[in-house]
Amino acid sequence: MKLLKKLIATLAFVPAMVMANEGGFPLDHAPDRSTDMAALQNGAKLFVNYCLNCHSASAMRYNRLRDIGLTEDQIRTNLLFTGEKVGDLMKTTMAPKDAKAWFGAVPPDLSVIARAKASEAGSGADWIYTYLRTYYKDESRPTGWNNMVFPNVGMPHVLWQLQGVRTAKFVEEKDPHDESKTIHKFEGFEKVSDGTLTKAEYDNAVGDLVAYLQWMGEPAQSTRKRLGAIVVIFMAFLATLAWRLNASYWKEVK
Amino acid sequence: MAFVEKKLPADAPVVDKALNWVDSRFPLTKLWNDQWGKYYAPKNFNFWYIFGSLAMLVLVIQIVTGIFLVMHYKPDATLAFASVEYIMRDVPWGWLVRYMHSTGASAFFIVVYLHMARAFMYGSYRKPRELIWLFGFAIFLCLMAEAFFGYLLPWGQMSYWGAQVIVNLFGAIPFIGPDLSLWIRGDYVVSDATLNRFFSFHVIAIPLVLLGLVMAHLIALHEVGSNNPDGIEIKENLGPDGHPLDGVPSHPYYTFHDIFGVTVFLTLFSAVIFFAPEMGGYFLEYNNFIPADSLKTPPHIAPTWYFTPFYSILRATTSEFLFVIQAGIAAYVGLIFLTTKLPQMIKFAIAGAALLAIAGMMPGALDAKFWGVVLFGGSVVILAFLPWIDLSPVKSIRYRPDWHKLVYIVFAITFVTLGYLGVQPPSPIRERISQVCAIIYFSFFLLMPWWSAMGTFKPVPKRVTFTPH
């Protein structure tokens, strides 16, 4: 009996014992701008200007941008550059074969990237937000760029003119658990040259872009939540009625 | 015998006439009364008795949403992933239908696991309900197959590699394994051929079998009557009208009882659909938003949460763990020889099988992967034997010795822990814990003929315990 109780007590701790966080660069928390139309529109502009040249968002139609407050005319004049129709899907004109030759890999489709990058370390938005802000110059890489979140990434720092150029400082430290090993420890970024945006402005712009990517991952998300509130309240009301109705029948069962 | 139709008065309501016309040709009223209307169910059902009806509801949700999804989904390796996103964006209300279906899959398992937990607690599988249990077990197998086949269809990375891992398990079977997994896939890797056949199984083959089994499950239940939290046969106490004194007709009492349960369930179900359809990566795995890529293996492949208790047992079976299993088998055979009165023939047959298994686990014989698959399958199949290995003199946990409750709690914690470990990436400590849990899991069943009959049982009342409400 006692043994069993002990066993149960031990088993109750199991989840805590096995819960060990996997390593990796800690993610910053992306600002929540999922309902901020101005931010989403700015994000859409950045996306079309900087991302869409190489990446597709082939599940996404341009005219869906009406959901973030743009008119079809605004979309046509500001966001369509190569004669697409407003109902077209967001596809890149870069041929996959060229992409493979230039970057070593075909840039992934970004339609649902914000959903795909979610993990225990943070939401997909957090991942992209940190990723786009941790590029540094690394001459050992073919593109000249490397990244803290995505080491040895194939994509160069597309936003470098906005952020400016930085290098990363690493120090070699003795591994406290193993004398024979050293740890390659990140000590921070060092500025090489300024960009057109200040640090705060850059973070803000990336925040907008991430908000857009997050929205694009599921354009129906705000409809879903709005509708959800009504449905859940209605169902709870119905449940209350059903509860009383049931009680009125069971009253007579002795 | 000549066909005789009951004559109704000329001024009888037209509905009655129509019903009479049908009833003379098809037992409509009789079916309704036998299966629900005048089916007397024990009046002392508690919270745990709602999950059967809820499972039925989820089945209907899955079928109806499935019909609409098939209208837009493309079972083609080059189009499948995009067609799911098309449903999510361009099909009116497609996102809702898809989320209902994906959440419904998980809800199905939650409801069915709770339904099974009820059977464990109150001995609902005991005589005369063995067939109900076996039909239920077959439904559970179908459900697992249905979930497995369906999970490939979105054609994301986790769909793809999950299917790859599970189909490869068949490759562990000696001699025919590699050919068998090739035959299942229809290709050397999971591919368009695999997707098409899984689609066929998911939308027609398994649902057909499932529906038939659900009917058999219900017909068997309504034939022998429902068990209840006291584990008493209510048919042993009939009133002057020939109906059980402790029973109430399902209609209207359980009709409205179940409607109440359904509304509560749907409130929770909608909360998930509308506010957390991914459920933190458990209902929709994050990796599955990346299209399937046969050249990129994800670092951590985990099946969806509802398979993980059994999957953990597969992963726990390492070559060093086989020695523990060998010792366990030897001890078990010893136990059978020393403490049971089985005929000599059967004892020796068991010993022979055990010897074969022990020999097969020797280094150089069959590898740990094969035995992992055997234990993986065994951990599911062992459920089917429950009616015959539970030798407790009472059905319900209420009248069993108190320490039996602890055994069930330990089993429940073990099952949940196995499930938790199955979604986590492996590590040495997790491997050890899952091995301990695997031993507890199998011991619970294999030792049940001994422990279930041990202890001081409480007297079972003649009539059900019921407080009017």
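Start inside the predicted model, with its largest nonpolar core, which has 76 residues. The residues with the most contacts inside this core are B:Leu54, B:Ala55, B:Val58, B:Phe108 and B:Val111. Take B:Leu54 as a way in: leaving aside residues up to four places away in sequence, B:Leu54 touches B:Val111, B:Gly261, B:Val262 and B:Phe265. There's also a second, separate core of 45 residues, and A:Leu46, A:Cys51, A:Ala57 and A:Ile113 are among its members.

H12 of chain B covers residues 321-339, and H13 of chain B covers residues 344-360. Their axes come within 10 Å and cross at roughly 170°. Anything over 145 degrees counts as roughly antiparallel, so that is how H12(B) lies relative to H13(B). Which residues do the touching? On the H12(B) side you'll find B:Gln326, B:Ile329, B:Ala330, B:Val333, B:Ile336 and B:Phe337, and they meet B:Lys347, B:Ile350, B:Ala351, B:Ala354, B:Ala357 and B:Ile358 in H13(B). Sort the residues of this contact by class and you get 10 nonpolar, 1 polar and 1 charged.

Next, move to where the two chains meet. Chain B puts 42 residues into the contact, and chain A puts in 40. On the chain B side, the elements giving two or more residues are helix H4 (80-89), helix H10 (250-275), helix H16 (402-423) and helix H17 (428-446). Which of these gives the largest share? That's H10(B), with 14 residues.

Chain A has a radius of gyration of 25 Å, well over the 18 Å that the globule rule gives for 254 residues, so chain A is more spread out than a compact globule. Along the principal axes, its C-alpha atoms fill a box of roughly 85 × 65 × 35 Å. How many of the residues in chain A count as buried? The figure is 30% of the 254. Finally, consider the contacts in chain A between residues at least 6 apart in sequence: 66% of them join residues at least 24 apart.

Conventions: Residues numbered from 1 in each chain as written. Chains lettered and ligands numbered in written order. Predicted model: local features only at pLDDT ≥ 70, side-chain atom pairs only at ≥ 80, totals over all residues. Rg over C-alpha atoms; globule rule 2.2 N^0.38 Å. Buried ≥ 20, exposed ≤ 12 C-beta atoms within 10 Å, placed from the backbone. Contact = placed C-beta atoms within 7 Å. Core = buried A, V, L, I, M, F, W, Y, C linked by C-beta atoms within 7 Å. Axes fitted to C-alpha atoms, helices over the stretch in contact; angles between N-to-C directions. Helix = DSSP H or I, 4+ residues; strand = E, 2+ residues; numbered from the N terminus. Parallel < 35°, antiparallel > 145°, perpendicular 65-115°, else oblique. Nonpolar A, V, L, I, M, F, W, Y, C, P; charged D, E, K, R; others polar.
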